[in-house]
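Student: Hi! Could we go through this structure together, one piece at a time?

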Amino acid sequence: MREINMSDLLLRFQAASRKYSDASAFMHAAIAQKAGLSGTDHKYLGLILPYESITAGEISKLTGLSTGAVTGLIDRLEKMKLVERHFTKEDRRKVIIVPNVENSMKLLKPFFDELQQKTMALLATFSEEQIKTIESYFIKAAAIMEETKDNLNKK
């Protein structure tokens, strides 16, 4: 009897996880559209923002994008004044990308304020132990996704 319940629980978890993933993707696509970005540019900007500076090559390694695709991404983000290109004095071919956090926050913050408030209110309904379990799941699941992405990009 326990195996059936665990099997059902895992199936329900998988369905909920798929629903969460889809809802997240569609929400981010809607935010991106309202902000004048493509869905992927929005997500890649989110990847760039935590860095004080990052090279185009590092972006390529993090994302699996070709260097040409990174150039196009940076062109689009730079046109919107969300990042700036800097060139090193030693080698002008080396491009340093500096995110414009202020402009990015002006653009995106209005879309995330309500979401952040609702998310924090939801988290407040869980115990500290439950939050730690959820956090652990997300950390481990993200590592699996990173590994999968890296393996796919090697092929």
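Student: Where is Met6 placed?
Tutor: Met6 sits in helix α1. Helices here are DSSP runs of H or I with at least four residues, strands are E runs of at least two, and both are numbered from the N terminus. Before we go on: this is a predicted model, where local features need pLDDT of at least 70, side-chain atom pairs count only at pLDDT 80 or more, and totals for chains, interfaces and linings use all residues. Residues are numbered from 1 along each chain as its sequence is written, and side-chain values use heavy atoms, with hydrogens and water left out.

Student: New topic: at what angle do α2 and α4 cross?
Tutor: The axes of α2 (residues 39-48) and α4 (residues 67-79) cross at roughly 85° and come within 11 Å. Axes are lines fitted to C-alpha atoms, for helices over the stretch in contact, and angles run from 0 to 180 degrees between N-to-C directions. The two helices are therefore roughly perpendicular to each other. That label covers 65 to 115 degrees; under 35 is roughly parallel, over 145 roughly antiparallel, and the rest oblique.

Student: Which residues make the contact?
Tutor: From α2 there are Asp41, Tyr44, Leu45 and Ile48, and from α4 there are Leu73, Ile74, Arg76 and Leu77. Contact means heavy atoms within 4.5 Å. Six of these residues are nonpolar, none are polar and two are charged.

Student: How many residues does the largest nonpolar core have?
Tutor: It has 19, and Leu45, Ile48, Ile74 and Leu77 are among those with the most contacts inside it. A nonpolar core is a set of buried Ala, Val, Leu, Ile, Met, Phe, Trp, Tyr and Cys residues joined through side-chain atoms within 4.5 Å.

Student: Which element gives the largest share of this core?
Tutor: That is α4, with four residues. At least two residues each come from α1 (2-35), α2, α4 and β3 (95-99).

Student: What does Ser104 touch?
Tutor: Setting aside neighbours within four places in sequence, Ser104 is in contact with Leu45, Leu49, Leu82 and Lys109. Ser104 belongs to helix α5 (residues 101-123) and is buried, with a relative accessible area of 0%.

Student: Last one: what is the phi of Lys81?
Tutor: The phi of Lys81 is near 65°, a positive value in a residue other than glycine. Most residues other than glycine have a negative phi. Lys81 is in the loop between α4 and β2 (83-87), and it is exposed, with a relative accessible area of 58%.

Conventions: Ala, Val, Leu, Ile, Met, Phe, Trp, Tyr, Cys and Pro count as nonpolar, Asp, Glu, Lys and Arg as charged, and the others, Gly among them, as polar. Buried means under 20% relative accessible area, exposed over 50%, partly exposed in between (1.4 Å probe, protein chains only).
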